[in-house]
Number of protein chains: 2
Amino acid sequence: MNRKQQNWHELAPLFLGAYAENNDLLEKLLREHINEHVFWRRNFHPDDQPPIATTTQYTEAYLQTEARTRQALHELAARLKRTVPFFHPRYVGHMASDVLLPGLVAKIVTTLYNPNNVCTESASVTIDMELEAGQNFARMLGFNVDPDSYPVAWGHLTSGGTVANIEALWNIRHARFLGLAMAKVGGQRDLVFTLPDGRSLTDLNDWELFNLPLDQVLWLWHQWMSEDPETRHDKTEWLAEHLPEHLGLAAFFQRYWTIKPPMILVPATAHYSWRKAAKILGLGAKQLVEVPVDRHMRMDAGALSRICQQACAMQTPILAVVGVLGTTEFGTIDPIDQIVEVQQSCQTQGLYFPIHVDAAWGGYLASIIRSADGGTKAREHVRQAFKNFPSPEVYDALVALKHVDSVTLDPHKLGYLPYAVGGVIYRNRLLSLIQSQKADYVFSGDAAEGFANLGQFILEGSKSGASAAAVWVSQKVMPLHAEGMGKLVARSIHNVEYFIERVDSLKKSLEQRAAVVVPVMPDSNLVTLAINPTGNHSAAQMNQFMTALLERLAYTRNQPVQNLQFIGSSTRLYRKNLSNSEATRLCMALGVSRETFVTEVKDKHVMSESLLILRHTLMSPWLIENDVQVNYIDLYFDYLEQQINALLAEWPRCGNAATA
Amino acid sequence: MNRKQQNWHELAPLFLGAYAENNDLLEKLLREHINEHVFWRRNFHPDDQPPIATTTQYTEAYLQTEARTRQALHELAARLKRTVPFFHPRYVGHMASDVLLPGLVAKIVTTLYNPNNVCTESASVTIDMELEAGQNFARMLGFNVDPDSYPVAWGHLTSGGTVANIEALWNIRHARFLGLAMAKVGGQRDLVFTLPDGRSLTDLNDWELFNLPLDQVLWLWHQWMSEDPETRHDKTEWLAEHLPEHLGLAAFFQRYWTIKPPMILVPATAHYSWRKAAKILGLGAKQLVEVPVDRHMRMDAGALSRICQQACAMQTPILAVVGVLGTTEFGTIDPIDQIVEVQQSCQTQGLYFPIHVDAAWGGYLASIIRSADGGTKAREHVRQAFKNFPSPEVYDALVALKHVDSVTLDPHKLGYLPYAVGGVIYRNRLLSLIQSQKADYVFSGDAAEGFANLGQFILEGSKSGASAAAVWVSQKVMPLHAEGMGKLVARSIHNVEYFIERVDSLKKSLEQRAAVVVPVMPDSNLVTLAINPTGNHSAAQMNQFMTALLERLAYTRNQPVQNLQFIGSSTRLYRKNLSNSEATRLCMALGVSRETFVTEVKDKHVMSESLLILRHTLMSPWLIENDVQVNYIDLYFDYLEQQINALLAEWPRCGNAATA
C-alpha cells in the first residue's frame with residue numbers, strides 16, 4: 001500500500017459517504033451514544049419511580065399522539081428528499097459538502113443533553129469545550145495562548161460568520177475610543193496614564209488618542225482596572241461618560257467633534273454581511289470604503305496605502321481594515337502580510353488601525369502551514385504536497401495571520417461541520433472582555449471560570465452546546481495542523497489544481513466554438529469559469545448564454561434531486577472591480593468586445609456591467625481520489641462540454657429567445 | 001379513564017422522559033429516519049459506484065481513524081455525564097426542561113441532510129418550513145397573515161432571542177427615518193407623497209416626520225417603490241442619502257440636528273440583552289431609559305405615560321417602547337394593552353412610537369388564549385382550566401399582542417425545543433423587508449420565493465435548517481392553540497399554582513423559625529421565593545443565609561450530577577425597582593429592617609441594595625402529574641425545608657462565617 005492510498009484510507013471513515021458507505025459506523029456510534037444518553041437519564045436518580053408508566057404507553061391517547069408524531073416526521077422526511085445533495089461529489093456549488101462524521105455524531109449526541117452555552121449554570125461541560133476549541137483555533141492562527149505573555153488570545157463560537165464579523169467590529173469600535181475616554185477621565189480626576197514611550201495620555205490630542213495601538217490602550221486599561229477592585233465599578237462609569245457605547249454615536253461625535261466618523265476599509269470583494277455590519281453598528285454603509293482589488297481579486301495593498309495616506313492627511317479616522325481570507329465569490333486571499341506592513345508604516349505617521357480578517361471561508365487553510373508541534377512549516381515544505389499551492393502571496397498571507405487583531409472563521413464551511421456554527425478569535429482577549437457588564441471576574445484569579453459565562457461577553461445569549469461539542473470532537477480527531485485537518489483541506493486544493501488542468505482540455509475541445517477562461521486564478525479551493533460562444537462579442541449576450549448554461553447546473557426547487565446531474569453555482573465579475581488592462585485581457589481571452597463590458601450600461605441588450613460566471617467549490621473528498629477510479633471532475637467536464645455543445649447548437653437562438 | 005388522565009396520556013409520548021421511558025419510541029423514530037437518510041443518499045445517483053470500497057473499511061488506516069473517532073466520542077460522552085440535567089423534574093432552575101421528542105427527532109434527522117437556511121439554493125425545503133412556522137407564530141399572536149389585507153405579518157427564526165431583539169430594533173431604527181428621507185427626496189425632486197389625512201410629507205417638519213406611524217410610512221414607501229420598477233434602484237439611492245443606515249448615526253444627526261437622538265424605553269426588569277442591543281446599534285446604553293415597574297414587576301403604564309408626556313413636551317424622540325412578556329427574573333408580564341393605549345393617546349399629541357414585545361420567555365403563552373379556529377378565547381373560558389390564571393391584566397396583555405409591531409419569541413424556551421432557536425415576528429412584513437439589498441423581489445409577483453432568500457433580509461447569514469424543521473414538526477404535532485401547545489404550557493402554570501399553595505404550608509412549618517415570602521406573585525410559570533431566619537433584621541445577613549441555601553440547590557461543576565437532589569436558580573430583587581410602600585411591605589413580611597434594604601449601601605455587612613431570592617422555572621411536565629403519584633413539588637418543598645432547618649441549626653454561624 002502506498003502512502004497516497006494510506007492517506008485516503010485514513011480519511012475514508014470521516015464521512016458518511018456519497019453512497020452512505022459508512023452507514024454501519026454511523027449507526028453503531030449513534031446507537032451506542034443514544035443508549036448511553038438513555039442510561040445516563042436512568043442513572044441520575046434511580047431512587048425515583050419513572051413518571052411515565054409503561055401501561056400509559058399502550059393507551060389510545062398515547063398511541064394517537066405517537067401516530068401524529070410519526071405522521072409529521074413522515075411529512076418532514078418526504079419533503080427532505082428534495083434537499084440540496086451537498087453530500088455528493090456531484091455537488092460542486094456553494095461552500096458545502098458532506099460533513100465530518102465525528103462532528104455530526106457529536107452534534108447529534110449532545111443535542112440529546114441539550115446544553116446551553118450561555119453560562120456555566122446551563123452548560124459547564126460544553127462551554128469548556130467551546131473555549132478549548134477557541135484556544136485551538138488561536139494556536140492554528142499563530143496567536144499566543146500562554147497566559148503569562150501579553151497579549152493572550154481568546155476565541156469563542158458564534159451562530160455564524162455574520163454574527164462573528166459584527167461582534168468583532170463592535171468590540172473594535174468600543175476599544176478604539178477607550179484611550180480617549182481614559183484621557184478625559186484622567187484630565188477630570190488628575191490621573192496619569194503613561195504610555196510605554198513615556199508620554200502621558202492627557203498630553204495627547206483626540207486624533208492621537210484615537211490612533212493609539214489597541215494593545216497599548218487595552219494594557220493601560222487593564223492595569224488601571226486591576227489596581228483597586230473596589231473602584232472598578234466607578235471607573236467603568238467614569239469611562240462610560242466618554243464612550244460611544246454609553247452616549248450613542250450621535251452624542252459622542254457631537255461632543256468629540258474634532259474626530260470625524262471613522263471609515264471601515266474592506267476589499268471590493270467583501271461579503272455583503274459587511275454592509276449589514278456597518279448599518280447595524282450605526283456606522284453607516286457610506287463609511288464602508290471599498291479598497292480596490294488587483295487582477296487576482298485580492299485587496300490592492302498599494303491602493304490601501306494610498307487611502308491611508310489620504311486619511312492621514314485629512315485626519316479621517318480608520319476604525320479597522322478588514323482583510324478577507326477566501327472571498328465568497330472567488331476564494332481569493334487578501335495580502336494580510338502587506339496589510340500588516342501598511343499598518344506599521346502608517347503608525348510611524350500617527351495613523352493606526354486594527355486589522356480584522358474575515359476568514360469565514362479560508363480560516364482552516366492555516367492548518368496546512370501549521371506543523372503538529374505548533375511551528376510554521378516552510379513554504380518549500382508545504383509545496384511538496386501540491387502543484388502550485390501555496391503561492392508566495394498566499395503563504396505570506398497565512399503566516400501573517402498571527403499579527404492581526406481578530407479573525408472570523410466558520411466551522412460550518414471548511415471545518416466540514418453541520419450548520420450553523422461560526423467563530424471569532426481575538427489575538428488580545430481584552431478586546432473582547434471590555435464588553436462585559438460584570439467585569440469583575442475578568443480580573444479575578446480564576447479567569448477561566450469568569451470567561452465561561454459567555455453571555456456576558458459576546459453578542460449572542462443562549463447558544464448551542466451541541467455545536468461546541470461538534471467542533472471540539474472534530475478537532476480531537478482532526479487537529480488543526482498539517483497532519484490533521486490540513487490533510488482534508490489539502491484535498492480540496494488538489495481538486496482545484498486538477499480542475500485547472502482540465503480547463504485546458506476543455507479549451508482545446510471547444511476551440512473554434514467557444515472561449516473557455518478561468519477569469520480569476522484560484523488562491524486555494526474555489527474556482528470560476530467563463531464561457532463565451534465564438535463569434536459573440538457582446539457581454540450581455542455572453543451572460544444570456546451563461547444563464548442558459550447555469551439552468552442546467554442549478555439546484556431548483558420542486559423537482560426530484562435525481563434529475564440533477566451536477567449542481568454548480570454562479571457569481572458575477574464586476575467591471576468596476578477590474579483595471580482597464582485586466583478588463584481588456586479578459587475580454588480578449590473571451591472574445592468579448594471591451595465596449596460591451598462597462599461600468600455604465602447604455603444598451604442592456606448588448607452591454608453589461610458584470611459577467612456571469614460559473615463558480616465551483618470543490619470540497620468533496622471523493623472528487624478525484626476514491627476507490628472506484630472515477631474522477632468526478634472529469635465527469636463534470638464531460639457533462640459541461642455536453643451542455644455547452646447542446647446550447648451552442650441552439651445558439652444564437654437561446655440568447656435571442658431570452659432577450660425577446 | 002377521566003379527561004385529566006387522557007390529557008396526561010396524550011402528552012406522555014412527547015418527551016423522552018425522566019427515566020427515558022420513551023426510549024423505544026425515540027430509538028424507533030431515529031432508526032427509521034437515519035435509515036431513510038442513508039437510502040436517500042443511495043437513491044441519488046445509483047448509477048454511480050460508491051466512492052468508498054468496503055475493502056477500505058477493513059484496512060488498518062481506516063480502523064485507526066475509526067478508533068480515534070470512537071475515542072473522542074467516548075471522551076465527549078464521559079464529559080457529558082456532568083451536563084445539567086434539564087430533563088428531570090428535579091430541575092427547577094433556569095428556563096429549560098426536557099425537549100419535545102418530535103422536535104428533537106426532526107432536528108437530529110434534518111442535521112443529517114444539513115440544509116442552510118440562508119437562501120433557497122442551500123435549503124429550499126427547510127426555508128419553506130421556517131416561513132410556515134413564522135406564519136403560525138403570527139397567527140398565534142393574532143397578526144393578519146392574509147396577503148390581501150394590509151399590513152401582512154411575516155416572521156422568521158433566529159439563532160436566539162438576543163439576535164431577534166437586535167434585529168427588530170435595527171429594522172425599527174431604519175423605518176423610523178424613512179418618512180423623513182422620503183420628504184427630503186420629495187422636496188429635492190418635486191415629488192408629492194400624500195398621507196391618508198391629505199397632508200403632504202413635504203409640509204411636515206422633521207419632528208412630525210419622525211412621528212408618523214410606521215404603517216403609514218411603510219405603505220407610502222411601498223406604493224412609491226411599486227410605481228415604476230425601473231427607477232427602484234435610483235429611489236433607494238436617493239433615500240439612502242437621508243438615512244442613518246447609509247450616513248451613519250453621527251453624520252445623520254449632525255445633518256438633521258433638529259431631531260435629538262432617540263430614547264428606547266424598556267421596563268426596569270428588561271433582560272441584559274437590551275443593553276447589548278442599544279450599544280451594538282450605536283444608540284448608546286444611556287438612551288436606554290428604564291420605565292419603572294409596579295409592585296407586580298410589570299412596566300408601570302402610568303410612569304410610561306409620564307415619560308412620554310415629557311418626551312412630547314421636550315420633543316425627545318422615542319425610537320420604540322419595549323414591553324416584556326415574561327421577564328427573565330420574575331416571569332412577569334408587562335401590560336401590553338396599556339402600552340398600546342399610551343401609544344394611541346400619545347399619537348393624538350403628535351408623539352408616535354412603535355412597540356416591540358420581548359416575549360422570548362412568554363410568547364408561547366399566547367397559545368392558551370387562541371382557539372383552534374384562530375379566534376380568541378374569552379377569559380372566563382380560559383380560566384376554567386386554572387385556579388387564578390390568567391389574571392385580567394395578563395389576559396389583556398396577551399390579547400393586545402396583535403397590536404404591537406414586532407415580537408421576539410424563543411422556541412428553545414417555552415417551545416420545548418433544543419438550543420438554539422429564536423424567532424422574530426413582524427406585524428407588517430415591510431418593516432423587515434426594507435432592509436433587503438436586492439429589494440426587487442419584494443415587489444415581484446412571487447413574493448414567497450423572494451422572501452425565501454433570507455440572508456438578504458435578516459441580521460444573520462448561514463443558519464440551521466435543522467432548527468427550522470424542529471419548529472415546524474413540533475407545530476404540526478402541537479399546533480399553537482389551546483388544544484395543542486396550549487395544553488403543555490398550561491401544565492407549567494398548573495405547576496406554579498400548586499407551588500404557591502405549598503408555600504403556605506412551608507410558611508406554617510417554619511413559623512417562628514423563618515419567614516417565607518413570595519416576593520413577586522407570578523403572572524404565569526416562574527416563581528420566586530425569599531426566606532429570612534426569624535430574628536435577623538439585616539438584608540445583607542438575609543443574603544448570606546440565601547447564599548448558603550443556594551449552595552445546596554445550585555448546579556456546580558466538577559461534581560457528579562447524582563449528588564444533586566434538586567437544582568434551582570436565583571435572582572436579585574433590587575431596591576431601586578420597588579416603591580417605598582412595596583419595599584416596606586416586603587421587609588415587614590420578611591422581618592427585615594427597611595433601613596438595611598437600600599439603594600445606597602453604607603455598611604455592606606448589614607445593608608444591601610438587593611435581596612437574593614430563589615427563582616423556579618417549572619416547565620417539567622411531570623412535576624405534579626405523572627403515573628406514580630409522586631409530586632415533585634412536594635418533594636422539593638420537603639427538601640427545601642430540610643435544608644433550611646439544617647442551615648438554621650447553624651445560624652447565625654453560617655452567616656457570620658461568610659462575613660468573617
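Let us start with charge: over all chains, the structure holds 46 salt bridges, a salt bridge being a side-chain nitrogen of Lys or Arg within 4 Å of a carboxyl oxygen of Asp or Glu. Keep in mind that this is a predicted model, in which local features need pLDDT of at least 70, side-chain atom pairs count only at pLDDT 80 or more, and totals for chains, interfaces and linings use all residues. Residues are numbered from 1 along each chain as its sequence is written, chains are lettered from A and ligands numbered from 1 in the order in which they are written, and side-chain values use heavy atoms, with hydrogens and water left out.

One of these bridges joins the side chains of K487(A) and E10(A), at 2.7 Å from N to O. K487(A) belongs to helix α23 (residues 485-509) of chain A and E10(A) to helix α1 (residues 3-11) of chain A, so the pair ties together parts that are 477 residues apart in sequence. Helices here are DSSP runs of H or I with at least four residues, strands are runs of E with at least two, and both are numbered from the N terminus. K487(A) counts as buried, at 19% relative accessibility; buried means under 20% relative accessible area, exposed over 50%, and partly exposed in between (1.4 Å probe, protein chains only).

Now look at where the chains meet. In chain A, 163 residues are in contact with 163 residues of chain B, contact meaning heavy atoms within 4.5 Å. A salt bridge also crosses here, between the side chains of K81(B) and E36(A) (2.3 Å, N to O). Helix α2 (residues 23-42) of chain A gives the largest share of the side of chain A that touches chain B, 17 residues. The count of salt bridges between chain A and chain B is 12.

Finally, turn to helix α25 (residues 580-590) of chain B. Which of its residues are buried? They are E582(B), A583(B), L586(B), C587(B) and L590(B). Down the axis of α25(B), these buried residues fall within an arc of 130°, so they line one face of the helix; the arc is that of the directions from the helix axis to the C-beta atoms. N580(B), S581(B) and M588(B), on the other side of α25(B), are exposed. Among the elements that cover the buried residues of α25(B) are β8 (514-517), β9 (526-533) and α24 (539-551) of chain B. After α25(B) comes G591(B), whose phi is positive, near 80°.
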